[in-house]
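Have the model open while you read.

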Amino acid sequence: MCSEVLAIEARHIGKRFIANRGPWRSFWHALRGTHGASDGGYQALRDVTFSVARGETVGFIGRNGAGKSTLLQILCGTLRPSSGTIHVNGKVAALLELGAGFNPDFTGRENVFLNASLLGLPRRQIAARLPDIQAFAEIGEFFDQPVRTYSSGMFVRLAFAVMAHVDADILVIDEALAVGDAHFTQKCMRFLHSFRQRGTLLFVSHDTQAVTGLCDRAIWLEDGVVREEGSAKSVCESYLATLFGTEQRAAASPSAAPAKARILHDQRQPWLNRSPLRNDIELFAFQAEATRFGHGSASIDKVVLLDEDGRELSWMVGGEPVSVEIHATCHATLQAPIVGFYVKDRLGQTLFGDNTFLTCRPGPARHGQRLVARFSFHLPYLPAGDYSLAAAIGDGTQDDHVQHDWVHDALFFRSHSTSVSTGLVGLPMQRISLETASPE
Amino acid sequence: MLSAGRERVRQRLQRVPLLWALIRRDVEARYRGSWLGLGWSVFAPLTMLAIYTLVFTRIMRARWAGPAGDDALGYPLMAYSGMIIHAFIAEIVSSAPMAIIRQGNYVKRVVFPLTLLPVVTVGSASLGLIVGLILLVIMSAGAGNGLHATMLALPLALLPTLLLGLGLAWLLSAVGTFVRDISHITGFAVTALFFASPILYPAEAVPAPLQSVLRFNPLAWGIESVRCVVTRGVLPNSLNWFAQLAVCLLFAWVSLGVYRRVQGSFADVL
């Protein structure tokens with residue numbers, strides 16, 4: 001049957017919440033199966049029809065109150081639609097809001113058992129996966145503490161860890177990821193990227209960057225109806241266009257035009273650096289225990305960022321010259337060592353990076369030898385947010401090499417304020433001018 | 001058709017460990033953080049039993065007006081067997097209306113086999129029932145009644161009461177989730193039930209016109225069965241037992257039906 005290739009098929013879904021109907025009446029309506037069918041109340045969803053094929057990644061975007069969460073709850077089966085039908089093929093695991101079904105009085109470990117068994121995992125299997133779940137969550141001794149003592153970040157860590165280990169066919173992820181720190185968000189993104197290879201993923205966000213980065217297709221909900229459906233990129237673009245269109249109308253004062261627009265001359269840098277628009281970027285220390293993989297014939301000992309004079313940086317400024325220095329040690333002979341790095345934003349999108357392959361080929365490196373790779377460049381302006389730097393050492397050519405050590409999140413840095421006007425990064429411009437050209 | 005049925009049975013069986021875990025957690029949650037822990041579930045009824053015995057035999061010098069009430073411990077023994085059954089039903093009646101509301105997370109955030117939640121209430125109430133019955137058996141044997149072979153039939157004799165408890169749990173939690181007044185009503189309904197059931201007095205002591213009304217009190221059925229089986233060493237009248245079983249089974253089945261119909265709307269009202 002055709003429904004076998006579909007993971008989700010929703011037809012004319014409607015959901016109405018009835019406010020303040022007398023208790024006996026709402027019980028009576030529930031008993032008769034007419035709950036929500038009468039008029040009045042709040043119509044959260046109206047005639048929503050869509051389908052998701054197996055293995056597809058679909059993003060749901062829309063403003064707060066557009067009905068995204070209601071729709072997801074219906075998809076997960078925790079809420080019953082007032083009208084329409086929904087067919088879901090496969091096991092659904094969801095990360096909806098905080099504290100997905102956790103019992104606050106029980107420890108993380110007990111909640112893992114409870115949650116995993118709700119998702120249909122036999123006890124023996126849960127016990128076998130417990131170490132993995134514990135390692136993924138990285139909440140240390142809190143794993144055996146009551147969940148009510150958790151911070152919101154720990155909550156999400158645990159919930160995500162469970163969800164990642166229950167062999168779900170369909171994953172539903174709400175905004176919740178935003179609560180995690182950069183390190184964990186990176187890890188989740190890596191997991192989601194790999195999950196896409198085998199399962200169906202539904203991703204809800206009003207962060208259009210995240211949606212375009214992760215999803216093939218997007219559905220835009222507005223006031224409970226599907227406003228647009230199509231490729232993630234085009235839907236996000238029209239969503240943003242409408243969003244900014246309405247917001248600009250709301251704040252339509254002419255004096256709101258940013259001051260920097262007037263001072264676009266060749267030397268923005270010194271001026272910007274004296275203004276609050278300076279791109280201040282905070283650096284965190286090298287993560288020696290970051291997740292890494294590789295064959296191990298070489299290892300990365302240290303990754304640092306230096307300024308022009310070779311001083312190690314703890315704060316840096318977008319647009320200024322910096323160097324990335326990667327220190328590595330060989331544990332066996334590497335025929336053609338190649339060292340590289342790349343910088344990712346908080347969603348795991350690669351922004352830029354480079355390696356030594358094209359420019360430096362020092363020849364074989366012997367056992368015990370230490371290597372230092374240095375990349376000097378003008379740091380791009382980074383939009384506010386968290387970033388991470390991955391470093392790797394391999395052996396071979398750019399296209400065909402063996403990874404010996406790949407450190408996922410060797411460095412973290414956070415951009416606090418920015419002058420980036422558009423794009424994933426801003427480039428330090430050599431010269432910007434605006435002249436009146438004489439008519440030809 | 002057959003394989004579909006088998007699949008359903010398999011799915012039900014898969015939930016047994018989950019149910020067991022939930023009951024254990026429910027019981028643990030009650031004693032979590034206390035020093036004596038699970039010991040309270042034995043210590044508390046033991047203390048109460050001692051107090052009843054003292055009050056009934058030494059202070060009130062109460063005599064059981066019915067059969068098998070001649071020995072010194074007759075009154076506390078009879079009264080206690082009634083109290084155990086009442087406490088079991090009372091716990092269900094008073095916690096079932098809030099059972100769903102308290103577990104709002106399970107309703108709203110995960111796909112949960114909601115039919116199990118009231119069963120958990122019955123399960124943890126059963127712990128008190130089991131402890132109470134063990135104490136009763138020990139006391140009865142110690143009072144000179146000896147151990148009767150009929151005691152082995154205790155689980156069977158209490159089957160109608162257990163079904164009654166399940167039915168009440170499903171029905172009250174279904175209604176109570178919508179109508180919050182239920183939990184206020186159950187507070188005094190439980191006390192009223194205590195005096196409306198033959199706990200402190202034998203059913204035979206009730207005046208004839210009221211006795212026919214008392215026959216329809218399902219609590220009295222369980223109380224009578226326990227007294228027959230534990231203290232008198234006779235099996236309950238099998239015809240009565242079957243009739244009671246049929247009534248309780250029907251009640252539980254109807255309650256489950258009501259619960260099933262409304263459980264889909266729980267998320268809307270929580």
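## A hairpin in chain A

Let's start with a turn: Gly348(A) takes a positive phi near 85 degrees in the hairpin of β15(A) and β16(A), where 4 residues sit between the strands. Keep in mind that this is a predicted model.

The two strands themselves are β15, residues 337-345 of chain A, and β16, residues 350-355 of chain A; they pair in the antiparallel sense over 5 bridges. For one spot to look at along that pairing, find Tyr342(A), whose bridge partner in β16(A) is Gly353(A).

Now over to chain B.

Chain B has 270 residues, and 38% of them count as buried. As for its contacts, take those between residues at least 6 apart in sequence: 77% of them join residues at least 24 apart.

## Where the chains meet

How many residues of chain A are in contact with chain B? The count is 28 on the chain A side, and they touch 25 residues of chain B. Two helices of chain A, α1 (23-32) and α3 (108-118), each supply at least two residues of the side that touches chain B. The largest share of that side comes from α1(A), with 6 residues.

Sorted by class, the side of chain A that touches chain B has 15 nonpolar, 9 polar and 4 charged residues.

Notes
Residues numbered from 1 in each chain as written. Chains lettered and ligands numbered in written order. Predicted model: local features only at pLDDT ≥ 70, side-chain atom pairs only at ≥ 80, totals over all residues. Buried ≥ 20, exposed ≤ 12 C-beta atoms within 10 Å, placed from the backbone. Contact = placed C-beta atoms within 7 Å. Pairing = 2+ DSSP bridges. Nonpolar A, V, L, I, M, F, W, Y, C, P; charged D, E, K, R; others polar.
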